[in-house]
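Hello,

Here is the structure for you to look over. My notes follow it.

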Amino acid sequence: MHIHGLQKLAMVDYPGKLAATVFTGGCDLRCPFCHNALLVTRLAETPEIPEEEVLDFLASRKGLLDGVVLTGGEPLLQPDAADFLRKVRELGFAVKLDTNGCHPAALADILDQGLADYVAMDVKNSPRRYGETVGVPDFDLAPVEESVRLLQRSAVDHEFRTTLVRELHSEADLDAIAAWLEGAPKYFLQNFVDSGNLIGQGYHGFSLEELRAFAERMRPHFGAVELRGVE
């Protein structure tokens with residue numbers, strides 16, 4: 001595992017649980033609004049943390065933490081992601097996996113083995129604007145569509161989520177996302193925030209009033225729709 005970050009206590013990354021968050025390096029997307037450019041395009045600036053060091057830390061937190069979040073970058077780029085999650089489960093932790101949905105075969109393997117208790121999948125935009133939004137003009141949406149289907153058929157608790165950017169998302173885009181993900185149990189809207197460490201520049205979020213209106217627009221299509229990361 002190429003691990004490039006460890007947050008030893010995360011209060012909000014895993015819904016309802018105290019967790020540690022493990023960050024892998026590398027991503028196959030280049031979303032210009034990505035707030036974690038260090039894990040995508042500037043990996044040389046973030047030293048690796050040996051897997052055994054991370055597992056030793058987790059072992060020392062048994063009984064103190066409830067779960068572990070595996071995120072990125074894109075963790076399913078790691079060929080040994082399932083092996084790592086198995087070791088985490090053997091320590092007694094619940095597992096949350098964050099993914100961009102580009103690796104359905106790896107996701108299916110993890111779901112089939114029961115190695116994740118919760119999956120959060122980013123849905124970047126409407127199908128029509130996906131390539132623009134992820135910074136890959138000739139992007140093939142088929143793997144993402146397959147990952148959506150896998151989660152919708154799975155008994156594993158999961159959510160879909162979209163980070164909203166003024167320059168990239170419109171009401172029409174949200175309507176298309178709602179039609180695509182219709183009936184999903186949980187959908188979260190997150191506002192773009194400029195971390196100062198972006199891949200691109202010139203992007204802005206929405207006002208709280210606008211975000212609330214977007215949430216109301218989406219509620220008829222999902223079991224629950226919530227805003228995340230807004231005050």
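Strand E5 (residues 118-122) runs parallel to strand E6 (residues 157-164), and five bridges join them. Strands pair here if DSSP finds at least two bridges between them. Helices (H or I, at least four residues) and strands (E, at least two) are DSSP runs, numbered from the N terminus. Val-119 has His-158 as its bridge partner in E6.

This is a predicted model: local features need pLDDT of at least 70, side-chain atom pairs count only at pLDDT 80 or more, and totals for chains, interfaces and linings use all residues. Residues are numbered from 1 along each chain as its sequence is written, and side-chain values use heavy atoms, with hydrogens and water left out.

E5 also pairs with strand E4 (residues 94-99), again parallel, through four bridges. Lys-96 stands opposite Tyr-118. Between E4 and E5 the chain passes through helix H3 (residues 104-112), in a right-handed β-α-β crossover. Right-handed means that, with the strands pointing away from the viewer, the path from the first strand over the helix to the second runs clockwise.

Is E5 buried or exposed? Five of its five residues are buried (under 20% relative accessible area; exposed is over 50%, partly exposed in between; 1.4 Å probe, protein chains only). Tyr-118, Ala-120 and Asp-122 cover one side, Val-119 and Met-121 the other.

Now helix H7 (residues 208-218). Leu-211, Phe-214, Ala-215 and Met-218 are buried. They fall within an arc of 100° seen down the axis, so they line one face of H7. The arc is that of the directions from the helix axis to the C-beta atoms. Glu-209 and Arg-212 are exposed on the face turned away. The buried residues of H7 pack against E6, helix H6 (171-181), strand E7 (186-191) and strand E8 (224-228), where contact means heavy atoms within 4.5 Å.

Best wishes
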